[in-house]
Amino acid sequence: MSADWLGSLVSINCGAALGVYQGEVCLVDQASQTIALRQPFHNGIKCPVPEVTFSAMDIKELKILKIADSVCRSSSSNQGGLADSASVSSGHSGRSPGGGGSGGPSSSVLLGVPRKASSRGLGQATPKKNGVKNGSGAGQVKVKDDECFGDGTDGGLDTDFDFEGNLALFDKAAVFSQIDASECRGNGARSRGTPGERTPSRYRHDENVLEAKPVVYRQITLPQQGGKEYCTDSGLVVPSVSYELHKSLLSVAERHGLTLERRLEMTGVCASQMALTLLGGPNRLTPKNVHQRPTVALLCGPHVQGAQGISCGRHLANHEVEVILFLPNFVKMLESLTNELTLFSKTGGKQVSSVKDLPDSPVDLVINCLDCHENAFLRDQPWYRAAADWANQNRPRC
């Protein structure tokens, strides 16, 4: 009867030392108490030898994964053939399937039919909870993990990956030098080669992706050059004009509707914006900082430039700046100057006519509107000299 078990698929647990073997039963020797497996798998890996023989002394547990057809037919003819067990006990009582009985397997080897093999591996098959009764349904056992008994796995999986060897194949310095060479040429300018030679460029946060036209810093042209030139923070060149050209420009602007009142308001707004920037801007002029309001002194004369200074002081006072306006008393003043004084009086600014009424300590900003082109003799007046001396003594400290 031992020959009837040939062809069955079994799992043999030989303990922690030898591991678990799975394979097809090809030999059962009752005399020597041995069992041989064909195409064995050791711990889920196909063995290099085609056949392995086990002794009953080494077997700790034996599980049947699939019963051969001959055993199924024999069990169906014998009503009391198979025992209701799922495994073979360990030790000397664990014997190979075979002899001794007349109607079926030996009573010393209790065999059972497992429900199905586990998807985790051959050595972890789950035995059937209820054994086969009277051999019914034994031929309908489904095998789930047939791939475990197929082709062998690649033995190269046991070898460790050579990180150092593969890292040596990558020449980091050569790759980065090639990237730098494609990005820059000669003095560091970006390459602008042919379309086939161009490579994707990396742009800084202050560079434009689109090609921009060359920057022109001298955008203001004059009919006559030769005067002084000034530069803004962005690099734009602002040339100076002569007094005659200035008068010509103002007369043309007057004819086109840019009246004196508009020019005074425009000049006052622009000058106040520049002054607010110098005073700290929004970092200082906040509602929480009312106890540290900046103080600005305006020194104005009886002319259009003085009216421009008064307009600037009015806009500063509207921004909660402490404004002190110095303007001497004159019997007759320009209409534009009188109008600006009327508007300034509506603000919280302070107007003084004597240098003695100016602050004794330095102020945050001094705006000088004492000079004009029309009357150069104002510099000889006592009030002018006194105002200039006060400005030199109380200029803001940097």
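Asp4 is found in the segment before strand β1 (residues 9–13); helices (H or I, at least four residues) and strands (E, at least two) are DSSP runs, numbered from the N terminus. With a relative accessible area of 24%, Asp4 is partly exposed, where buried means under 20% relative accessible area, exposed over 50%, and partly exposed in between (1.4 Å probe, protein chains only). Asp4 and Val28 are separated by 24 residues in sequence, and their C-alpha atoms lie 9.5 Å apart.

The structure is a predicted model, in which local features need pLDDT of at least 70 and side-chain atom pairs count only at pLDDT 80 or more, whereas totals for chains, interfaces and linings use all residues. Residues are numbered from 1 along each chain as its sequence is written, and side-chain values use heavy atoms, with hydrogens and water left out.

The mean pLDDT (the predictor's confidence in each residue, from 0 to 100) of the chain is 76, and 71% of its residues reach 70 or more. Where pLDDT is low, the predicted coordinates should not be read in detail.

The chain has nine helices and 14 strands, and 31% of its 398 residues count as buried. Of the contacts with a separation of 6 or more, 60% are between residues 24 or more positions apart.

Ten salt bridges are present in the structure, a salt bridge being a side-chain nitrogen of Lys or Arg within 4 Å of a carboxyl oxygen of Asp or Glu. In one of them, the side chains of Arg218 and Glu229 meet at 2.5 Å, N to O. Arg218 lies in the loop between β8 and β9 (229–231) and Glu229 in strand β9, so this pair ties together parts that are eleven residues apart in sequence. Arg218 has a relative accessible area of 46% and Glu229 one of 38%; Arg218 is partly exposed, and Glu229 also counts as partly exposed.

Arg314 forms a salt bridge with Glu265, the closest N and O atoms being 2.8 Å apart. Because Arg314 lies in helix α7 (residues 304–318) and Glu265 in helix α6 (residues 260–279), the pair ties together parts that are 49 residues apart in sequence. Arg314 is buried, at 10% relative accessible area, whereas Glu265 is partly exposed, at 31%. Glu265, Arg314 and Glu340 are linked in a network of salt bridges.

Thr347 lies in the loop between α8 (335–345) and β13 (350–352) and is buried, with a relative accessible area of 18%. The side chain of Thr347 reaches the backbone oxygen of Phe344 at 2.6 Å.

Conventions:
A polar contact is a pair of N or O atoms within 3.5 Å; within protein, one must be able to donate a hydrogen and the other to accept it, and residues adjacent in sequence count only if both atoms are side-chain atoms. Contact means heavy atoms within 4.5 Å.
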